[in-house]
Amino acid sequence: MTGTEPILKVEGISKAFGGLKAVQDFALTLNPGDVQGLIGPNGAGKTTCFNLLTGVYRPDAGRVQLNGAEVTGLRPYLIAGAGMARTFQNIRLFPDLSVLDNVMLGSHLRTRQNMTQAILRTRFHRADERAIERRARRLLELFELDTRAEEEARSLPYGDQRKLEIARALATDPKVLLLDEPAAGMNPQEKGELRGLIDRIRREFSVTVLLIEHDMNVVMKICETITVLDYGVTIAVGPPGRVQSDPKVIEAYLGVPGEAH
Amino acid sequence: MASAGQIEKPGPTLMGSAAIGWLPTIAIILAAVIIQITIRPMLGDFYAKVLLDIGVNIVLAVSLTMVNGFTGQFSMGHAAFMAVGGYTAATVMYYGSFRLFGEASMAGGVLSSMMSDREGPVPYFTRGDLLFLASTLFGGLVAAGCGYLVGLPSLRLRGDYLAIVTLGFGEIVRVLIQALTTDALYDADEIAATPVYQFPKYIGGALGFSGLPFYNSLFWSLGLAGLTILTAYRIKSSTFGRAFLSIREDEIAAEAMGVNTTRYKVRAFVIAAFFAGMAGALFAHTSGVQLNAGELGFLKSFDIIIMVVLGGLGSISGAAFAAIILTILPELLRQPAFLVHGWIVAVPLIAGGIALRMLAARRRADTSIPKLLIGFGVAVALLAIAAAIARSRDIDLGRYRMIFYALALIVIMIARPQGLLSVREIWERGLWRGLGNWVRSLRRETGEARP
Ligand SMILES: Nc1ncnc2c1ncn2[C@@H]1O[C@H](COP(=O)(O)OP(=O)(O)OP(=O)(O)O)[C@@H](O)[C@H]1O
Ligand SMILES: [Mg+2]
């Protein structure tokens, strides 16, 4: 991917909670079309990185550039508007809303109607709502959730809830998609499907994906580049094969100095 | 989005496709005109007044559900917006009438009159009605401005803290009106000589604003109720409604999906205050009502909150339905001779509910619907018993209405904590489907594996 402008450029962001340095000097470059992984033991600071990128927390230092625009420290809704969408490690759907409404909400930030038009039910409003719904239904079909469109989101099984979260994020029309442990709680078959799905959405929606994952099988198979965090520090970056055999990574995961194998 | 071969299913969203453009608005106004002209003369003054109160209460409950239900903020000062709108409109109306018509008595036509015995040819709509319309809208706007101010702390506070701020706001409004204003002017010459900006000082003080003309009628009250429901529904079923609801559902996720949560939280307050202000304007000009800030304090806010919680936070039809029930209930409580027959309703409800509950338990289906039936039946039965006792001892049950509210709330919260309709609307497909699924789950054989 040489010669292309990076879609996401993270330069040395850090975050401390009181005395705890959760993330130190984290850097990352995503080029359009990448699928990269972020791994590390529990408490390494992976989710905190996502929270820094999406504006949930403001970085103590460093810069985040999305598609050439500076987004460091902006409010999350602005960062979402700039083209970064995410899912959450502990699923955060809108449980009382229908599956369809969950996805339709994702399109809210791209709407150009205003509330007066909605109250007056103007032609533009109606056309826009139809477009939003069409888009949402298409996404649901892609994720094979269309048959449950009218059900409450809370009534979906766990694996489907994770898929719905991805569908909702895609409805925001993102350039970069951050997935926080998308395979957590899925059975092996669902994990296999998820791999195919991630591959498919990357091609069809031309999004760039950064994912956190504990399941090495998933990470190794779909990511081209992997960044490894341990105690907030980046200890390795590179292609899966090299990272897997990196002694520092093995040590971080096993807790003892390891050997390449 | 280039997936090939995908079918585009047309179809209504969860809320159903809304009727188009201006038609429903016109239909609502027409219906209000027709009710006023044809039905009003057939009703006695008592029933007309109950219907009038229902309209105003629907406006209050439906507007409050936009704050407490849609965005999940907890406002406890809704009556204060009503007071602001009511006093603003009353000031314009009272002193405006003096300045324009030389006196403050009713100068409205048939549409604005609760009096059925007016003689001679009375016009349908007059300058007085126009002034009333204008001052009602103005009252709404001033209340909306206050809504904006109260909405601002909601950006930093949540939950209990916001509730306390809104409660404080309500009390401040009440005290300011009671303490800083004095008796209304009633002498036409004096009013003519007083500069306009001084009028807000003479709005009645602690004794209330008396001498207001009675413009409120079924036309205004039911018309505004209809328009409020329409507006709330159109907001809820649009992308903005989803934005509101997403905040109540999960604020962090809403923000991550691009919803400007601060803007929508304030907007909810502004819109709700606008409608509450207009409701206050109608209320202020109702026959038999003396506009008094003392009656628009915390207790009134609490009445509205009960309607919203009972109907289901976020449900427009639920709030409207609860407003109707809770307006009729106090009147019913004054009719123990009628209430004692409640067992005719209660017994089938309880028996049917218990039977369904046993069936549901055996089939491992959801038991909330049977519980709701039982709860409703028990409530009616309790009312009937209370009525029987009241009749034999000559007690006025109406004075104990708060006890019944509390009991009803306890029953509802046990049987159905999400309120009668939760966030849904009675006309929604999702709700019907939910009922359908439930009935189907009853039919399913015991122990059969779920798909
Ligand atoms: N809001 C917060 N306040 C204080 N400490 C926090 C906060 N968020 C995270 N931490 C701490 O920062 C460290 C990194 O947490 P983080 O959630 O980013 O880890 P993680 O790599 O996502 O771990 P896991 O694999 O368990 O999800 C942890 O020690 C955590 O306790
Ligand atoms: Mg994590």
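1. Asp230(A) stands opposite Val233(A) in E10(A). This is a predicted model. The two strands concerned are E9, residues 225–230 of chain A, and E10, residues 233–238 of that chain; they pair in the antiparallel sense over five bridges. The hairpin they form has two residues between the strands, and Tyr231(A) takes a positive phi near 45 degrees there.

2. Strand E4 covers residues 61–66, and strand E5 covers residues 69–70. Their pairing is antiparallel and runs over two bridges. Leu66(A) faces Ala69(A) of E5(A) across this pairing. Two residues lie between the strands of this hairpin, where Asn67(A) has a positive phi near 55 degrees.

3. E4(A) has another partner. Strand E1, residues 8–17 of chain A, pairs with E4(A) in the antiparallel sense over five bridges. Within this pairing, Lys9(A) is placed opposite Gln65(A) of E4(A). E4(A) therefore pairs both with E1(A) and with E5(A). As a general point on strands, side chains in a regular strand alternate between the two faces of the sheet.

4. Ligand 1 is surrounded by 14 residues. The closest are Gly43(A), Lys46(A), Thr47(A), Thr48(A) and Gln89(A). Which distances separate polar side-chain atoms from oxygen atoms of the ligand? For Thr48(A) the distance is 2.5 Å. For Gln89(A), an N or O atom of the side chain is 2.8 Å from an oxygen atom of ligand 1. For Asn42(A), a polar side-chain atom lies 2.9 Å from an oxygen atom of the ligand.

5. Chain B supplies the next site to look at. The second largest pocket holds about 770 Å³ of space. It is lined by 27 residues, and those closest to its centre are Asp53(B), Asn57(B), Lys300(B), Asp303(B) and Arg401(B). Four helices of chain B give two or more residues each to this lining: H2 (45–70), H11 (298–311), H12 (316–333) and H16 (401–415). H2(B) gives the most, with six residues.

6. What is the lining of the second largest pocket made of, by class? The lining has 13 nonpolar, eight charged and six polar residues.

7. Why does the second largest pocket lie between domain 1 and domain 2 of chain B? Domain 1 (23–326) and domain 2 (336–446) both give residues to the lining, so the pocket lies between them.

Terms used:
Residues numbered from 1 in each chain as written. Chains lettered and ligands numbered in written order. Predicted model: local features only at pLDDT ≥ 70, side-chain atom pairs only at ≥ 80, totals over all residues. Heavy atoms only, no water. 1 Å grid on protein atoms, 1.4 Å probe; cavity = no way out; pocket = protein on both sides within 12 Å on 5 of 7 lines; lining within 4 Å. Points joined across faces, edges and corners; volume = space filled by probe spheres on them. Nonpolar A, V, L, I, M, F, W, Y, C, P; charged D, E, K, R; others polar. Domains from an automatic or database assignment. Near = heavy atom within 4 Å. Polar contact = N/O pair within 3.5 Å; in protein donor to acceptor, adjacent residues only side chain to side chain.
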